[in-house]
Amino acid sequence: MFRDTIVERAHVYCMETLPGSIDRWVRAGISDAVVDRAERVWLALFGRRNPVFQIIAVVLYFLGLAVFMTQAAPMVPNRYMGAWHWIPIIATLAVNMGTYAAACVADPGVVHAGNVAQACQVFQPDGLLYPDTPTCRTCLLAKPARSKHCASCNQCIQMMDHHCMWLNNCIGLNNARWFLGFLTSFSLVCIYGSYIFATVILELRHTRGLVGAMVRSEETGLIVPISFRTSILYLLDQNVMLAVLLVLLVILTPAIVLFTAYQVRIVSLGYTSNEEHKWLNVADAVKDGVVFVVESESGSEAVEVIEVEEQLKDPRPRQMVKDLAEINNRYHRGAWTNLMFVLFPPSAEACARTKSTKTAHVE
């Protein structure tokens, strides 16, 4: 999207040029041994699977829950919320904790010697994003289409989306449903929590006698009714932990909701965040004029990238793709079907049996 713009140049500077310069400056002033140890610590934290950020996430979550139980729960129900709200509150928290735990411990779809043959049956190469079934250079096993080798876990993951340090696990074919469930329920926790805390603050205005209270104006010296804004600021100042959590919820809620919407969107369109980068590369290739619909000897068509230096050597009939919309995503089966596939992923054994049945039917 930002190719050949100031955004791309800023990205390259921040992610490549600046870190390289800092590394050289640090090495010039500090011994290489100290820098190497610091890099090993950095790699252990961010480049390898470890529970540090998972522990941080759980601790922060339960700290927030503790503030809720001590500061807000005693004021539910109130004049803005009925007692029946405890049913969705408990249900939402239970679903959120359960899906988080499931996403953390579930097998994301690790490819190993015992299931690699069947894993290759789940998704077939599409000839564009996955032109064939290569061998993983690290695992030394066949690499199923839509899989990716995770450097943090040191394993190939089926339908790899990304590695989440907050879960200390990859998001792949077998646990994407738990990840979506966690994001959706966490969005509800944030939205519902913001609403509950807002009603608690409003209730405090009544219980503290601030509704219609008279105060002396610092500007005029006159006795005037306290403003709504002033009363809210006063209550937040008197309830610091409540105020901190409310501010965090206000900041966190839009980010979580937008990220959840993004994940639901890419699932409905039949690709992962890892494949989004691949599609962006295909879009760049389309702009460069190297993507073609190629007709094989059997008469079937396939989309391939043919570099400029290879185009004169390739005698096959072909037509240049001028717009990314002309390319059909083989893994997009319709929004609802894509969602059901993620929520109820078929086993490799089932896919293998389906393929065998189809082959026998053709024969």
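N154 is partly exposed, with a relative accessible area of 48%, where buried denotes under 20% relative accessible area, exposed over 50% and partly exposed the range in between (1.4 Å probe, protein chains only). The structure is a predicted model, in which local features need pLDDT of at least 70 and side-chain atom pairs count only at pLDDT 80 or more, whereas totals for chains, interfaces and linings use all residues. Residues are numbered from 1 along each chain as its sequence is written, and side-chain values use heavy atoms, with hydrogens and water left out.

N154 belongs to the loop between β1 and β2 (155-157); helices (H or I, at least four residues) and strands (E, at least two) are DSSP runs numbered from the N terminus. The phi angle of N154 is near 60°, a positive value in a residue other than glycine. L140 likewise has a positive phi, near 60°, and is not a glycine. This leucine is found in the loop between α5 and β1 (148-150), and L140 is exposed, at a relative accessible area of 64%. A further backbone feature is the cis peptide bond joining V76 and P77, for which omega is about 10°. P77 is situated in the loop between α3 and α4. Most residues other than glycine have a negative phi, and most peptide bonds are trans.

Strand pairing was assigned where DSSP finds at least two bridges between two strands. Strand β7 (residues 291-295) pairs in the antiparallel sense with strand β8 (residues 301-305) over 5 bridges. Within this pairing, V291 has V305 of β8 as its bridge partner. β7 also pairs with strand β9 (residues 318-320), again in the antiparallel sense, over 3 bridges, and here V294 stands opposite R318 of β9.

The nonpolar cores were considered next, a core being a set of buried Ala, Val, Leu, Ile, Met, Phe, Trp, Tyr and Cys residues joined through side-chain atoms within 4.5 Å. The largest nonpolar core comprises 63 residues, and the members that touch the most others are F68, F123, L167, I196, F197 and I327. At least two residues of this core come from each of α3 (52-72), α4 (86-105), α6 (176-207), α7 (228-238), α8 (240-268), α9 (273-287) and α11 (335-343). The largest share, 14 residues, is supplied by α6. Apart from this core lies another, of 6 residues, which include V110, C153, M160 and C170.

Contacts (heavy atoms within 4.5 Å) were examined for individual residues. With neighbours within four places in sequence left aside, F123 is in contact with A145, R146, M159, L173, Y331, R333 and F341. C120 is located in helix α5 (residues 116-122) and is buried, its relative accessible area being 17%. Residues up to four places away in sequence not being counted, C120 touches T133, A142 and P144. The C-alpha atoms of C120 and S147 are separated by 9.4 Å, and these residues are 27 apart along the chain. A separation of 25 Å is found between the C-alpha atoms of C120 and L280, which are 160 residues apart along the chain. L280 is part of helix α9 and counts as partly exposed, at 39% relative accessibility.

Grid points are joined across faces, edges and corners, and a volume is the space filled by probe spheres set on the points. The largest pocket holds about 1,300 Å³ of space. Its lining consists of 41 residues, of which A57, L60, Y61, F186 and L252 are the closest to its centre. Two or more lining residues are given by each of α3, α4, β3 (162-164), α6 and α8. With Ala, Val, Leu, Ile, Met, Phe, Trp, Tyr, Cys and Pro counted as nonpolar, Asp, Glu, Lys and Arg as charged, and the others, Gly among them, as polar, the pocket lining has 35 nonpolar, 6 polar and no charged residues.

The search of the whole structure finds 1 cavity of 30 Å³ or more. The volume of the largest cavity is about 200 Å³. Among the 19 residues that line this cavity, M159, V267, Y271, T272 and V342 lie nearest its centre. The cavity lining draws at least two residues from each of α6, α8 and α11, and its classes are 12 nonpolar, 4 polar and 3 charged residues.

Technical notes
1 Å grid on protein atoms, 1.4 Å probe; cavity = no way out; pocket = protein on both sides within 12 Å on 5 of 7 lines; lining within 4 Å.
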